[in-house]
Structures are given as structure tokens and as C-alpha cells.
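Open the model in your viewer and keep the selection tool at hand. We will go from stop to stop, picking residues and helices as we go.

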Amino acid sequence: MSAALTTERRATLHRRVRFIVGFTITYNVIEAIVAVWAGVLASSAALIGFGLDSVVEVLSAAAIAWQFTRKDPERWEKVTVKVIAIAFFALAAYVTVDAVLSLIQAEGPDHSPFGLAITALSLVIMPLLAWYEVRTGRELDSKSVMADAKQLILCVYLSGAVFIGLMLNSLFGWWWADSVAALVVAVLAIREGIEAWRGDVESPFEVLEDLENEDDDAEEKNR
């Protein structure tokens, strides 16, 4: 699709990418500070991992921002995707070690209202931002932008897992739910990292997009 883009449209999409990464960096810096602080207070491995994921997302967004300040962003595509893949692996390594240690020591988190609030907020903001970035990345045919969008999708998974883990611990005293949630996220991070490293980056909304395309085709046939 990128070959059909006009110079003006490509410039517009480049500006949109810079806006997305700018917003992502700003939001995730705040999210990281709140999540790590709340995680330390509550001794929550998953919540600390969530905060560190925000740091990884900042690094990923910064890599995209750097790419799209270059004269020829497409030239730096492969390097940027590799950087994002490494960020996935680093996150998975930390979260795994922290979660396993918590399980071995049988340490569960304390109740964390701030943790619940920040993860719930991310469950609202991140899907919308990822959807916007996916549409932009698909139109640009940019694997690095799509890989960064998958970072945002991982944040959605992580937010949901951490939120559920904190709720289960608060409501039922299931101390291990926090660490299990963190390990689920680590597995997802490894999978996404492998795909990014291979350059196999597809839309995380692919199923929804396929359904939308099928509906459009059906409407055209009915006409």
C-alpha cells in the first residue's frame, strides 16, 4: 500500500506517528512512575513488572521516534524492529525472574488501590492508542510501527492480567495470582519478541479487520 501513497499523505502519516509516540512516551513515563511506586508499596511482582513494561514501551516509542526523524525512515526499519524485539525479551526476563522468586518465597502483594486504578486506566487508553497506531502502520506498510503497536497490545494484556491478579488477591487472598499473571505476560512478551525479531509483524486487530473486510465485500456483492 505504501507505494500508492502520495508525498503529502506520507508526510501526514509520519506526523501522526510522531504524535503517537510522543503521547505514548508521556503517558508511559507517568504510568511507570505510578506503577513501580505502587508495586514497591504493595510488594507486587506483577505491578512492578507492569511499571517496567511502561519503561520498555517508552524505549520502543523512542526507537520509532528516532526512526521517523531520519530522512529516509524506511531505511532504518529492520534496525528499529530488532531494538523492539530486544525490549520484549528484556521485559520477559525480568518479569519471569521476579515472579518465580515471589512464588518460591510464597510472597503475595498487599492491596493496592493505586495499582488497580492505573491498570484500569490503561485498559481504556492503550487499546484505542494501539488501534490508531495499527491503522497508521498498515497504511505506511511499516513493520516497526506495527511492532510498536504490538508493544501497546502487550500493555493491554499486562494491564488485564495485573488487574485480575490484584483483584483476586484483594477479594480472595489468592497471593499467587499476582505472580501467575506476571508469568502469563512474560510468555506473551517472548512470543511477541520472537515475531518482531523475525520481522513477522502483523496487525494485532487482524481478526477484527478481516471481519470488517468480509462485511464490506458482502455489501458490495449485495449492491
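Start by selecting S142. Setting aside neighbours within four places in sequence, you will find S142 in contact with F68, E77 and G137. S142 belongs to the loop between α4 and α5. Is S142 buried or exposed? Its relative accessibility is 3%, so S142 counts as buried. Please bear in mind throughout that this is a predicted model.

Now select D141, which is placed in the loop between α4 (113-140) and α5. Check its backbone: phi is positive, about 55 degrees, although D141 is not a glycine. The relative accessibility of D141 is 52%, so this residue counts as exposed.

There is another positive phi to visit. Select S43, which follows α1 and has a phi near 55 degrees.

**Into helix α2**

Next, pick G51, a residue of helix α2 (residues 45-67). Which residues does G51 touch, not counting those up to four places away in sequence? They are A32, A35 and V36. With a relative accessible area of 0%, G51 is buried. While G51 is selected, draw a distance to G115: the two C-alpha atoms are separated by 9.8 Å, though the residues lie 64 apart along the chain.

**Helices α3 and α5**

Show α3 (residues 77-104) together with α5 (residues 143-172). Their axes come within 8 Å and cross at roughly 20 degrees. An angle under 35 degrees counts as roughly parallel, so α3 is roughly parallel to α5. By class, the residues of this contact are 8 nonpolar, 3 polar and 4 charged. Look along the pair to see the sense of the crossing of α3 and α5, which is left-handed.

To see the contact itself, show side chains on both helices. On the α3 side, select E77, T80, V81, I84, A87, F88 and L91. On the α5 side, the residues they meet are K143, S144, V145, A147, D148, K150, Q151 and L154. You have come across E77 already, as a contact of S142.

**Helices α3 and α6**

How far apart are the axes of α3 and α6, and at what angle do they pack? The axes are 8 Å apart, and the angle is about 160 degrees. Angles over 145 degrees count as roughly antiparallel, and α3 and α6 are therefore roughly antiparallel to each other. The contact of α3 with α6 is made up of 19 nonpolar, 4 polar and 2 charged residues. Here too you can check the handedness: the crossing of α3 and α6 is left-handed.

**Along α6**

For the last stop, hide the rest and keep α6, residues 177-198. Its 22 residues should span 32 Å at 1.5 Å a residue, and the end C-alpha atoms are 32 Å apart, so the two values agree. Now mark the buried residues of α6: A177, D178, S179, A181, A182, V185, A186, L188, A189, E192, G193 and A196.

Notes:
Residues numbered from 1 in each chain as written. Predicted model: local features only at pLDDT ≥ 70, side-chain atom pairs only at ≥ 80, totals over all residues. Heavy atoms only, no water. Axes fitted to C-alpha atoms, helices over the stretch in contact; angles between N-to-C directions. Helix = DSSP H or I, 4+ residues; strand = E, 2+ residues; numbered from the N terminus. Parallel < 35°, antiparallel > 145°, perpendicular 65-115°, else oblique. Left-handed = near helix turned anticlockwise from the far one by under 90°. Contact = heavy atoms within 4.5 Å. Nonpolar A, V, L, I, M, F, W, Y, C, P; charged D, E, K, R; others polar. Buried < 20%, exposed > 50% of the residue type's maximum accessible area, 1.4 Å probe, protein only. Expected span 1.5 Å × (residues − 1).
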